[in-house]
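Take a moment to look around before reading on.

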Amino acid sequence: METIIDNEVLEKGNSSEDLAAYGLTKCPVTLTSLIIGGKWKPVIIYNVSRGINRFGEMQRAMPGISKKMLTQELRDLERNGILNRKIYAEIPPRVEYSLTEQGNATLPVLQSMVDWGKAYAKTLGLH
């Protein structure tokens, strides 16, 4: 499996020196945020987990994301083993995304973020 970080491909089994250059061997939080962090990736993962698994549905569920950005983020998540992409041989072609085993493993992390966000919003008087 390859991992994409800052548009560079890191192959599984890279030397510890290569990974250390990205701080990955010393900080698992850095690795996690590179793979599933950012503005859109957690939202994409969350939406796919809720059954929003087609491109158009995702775009409607995420106001503000451009087609180009959604495409890029979906490709990154697929390349990094978080999402599966299935193309159905239909006219017009239909593409659906689903979570991989690694993708499902991110759900407790995202749920913790949801819980923290709700609690923090409460302290601000937001509901």
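## The E3–E4 pair

Strand E3 (residues 83–88) runs antiparallel to strand E4 (residues 94–99), and the two pair over six bridges. Pairing here takes at least two DSSP bridges between two strands. A hairpin of five residues leads from E3 to E4. Within the pair, Ile87 has Val95 in E4 as its bridge partner.

A salt bridge is also found between Arg94 and Glu90, with the closest N and O atoms 3.0 Å apart; the term asks for a side-chain nitrogen of Lys or Arg within 4 Å of a carboxyl oxygen of Asp or Glu. Glu90 is partly exposed, at a relative accessible area of 35%. For burial, the cut-offs are under 20% relative accessible area for buried, over 50% for exposed and partly exposed in between, using a 1.4 Å probe and protein chains only.

## How the model is read

This is a predicted model, in which local features need pLDDT of at least 70 and side-chain atom pairs count only at pLDDT 80 or more, while totals for chains, interfaces and linings use all residues. Residues are numbered from 1 along each chain as its sequence is written, and side-chain values use heavy atoms, with hydrogens and water left out.

## The chain as a whole

The protein chain has seven helices and four strands. These are DSSP runs numbered from the N terminus, with helices (H or I) of at least four residues and strands (E) of at least two. Along the sequence, their order is β-β-α-α-α-α-α-β-β-α-α.

Of the 127 residues in the protein chain, 30% are buried. Among contacts with a separation of 6 or more, 40% are between residues 24 or more positions apart, a contact being heavy atoms within 4.5 Å. The accessible surface of the chain is about 8400 Å², and carbon and sulfur atoms hold 55% of that; the areas come from the Shrake-Rupley method with a 1.4 Å probe, and for residues only the protein chains shown count as cover.

H5 has 13 residues and spans 18 Å from its first C-alpha to its last, close to the 18 Å expected at 1.5 Å a residue. That expected span is 1.5 Å times one less than the number of residues. Just after H5, Gly81 adopts a positive phi of about 80 degrees.

Which residues of H5 are buried? They are Leu70, Glu73, Leu74, Asp76 and Leu77. They cover an arc of only 160 degrees around the axis, so they sit on the same side of H5; the arc is taken from the directions from the helix axis to the C-beta atoms. An α-helix has 3.6 residues a turn, so residues three or four places apart point the same way. Lys67, Lys68 and Arg75, on the other side of H5, are exposed.

## Lys41 and its partners

Five salt bridges are present in the structure. One of them joins Lys41 to Glu73, with 4.0 Å between the closest N and O atoms. Lys41 lies in helix H3 (residues 41–49) and Glu73 in helix H5 (residues 67–79), so this pair ties together parts 32 residues apart in sequence. Lys41 is buried at a relative accessible area of 7%, and Glu73 is buried too, at 8%.

Lys41 also meets Asp76 in a salt bridge, at 3.5 Å from N to O. This pair again links distant parts of the chain, with Asp76 in H5 and Lys41 in H3, 35 residues apart. Both Asp76 and Lys41 are buried. Through shared partners, salt bridges join Lys41, Glu73, Asp76 and Arg79 into one network.
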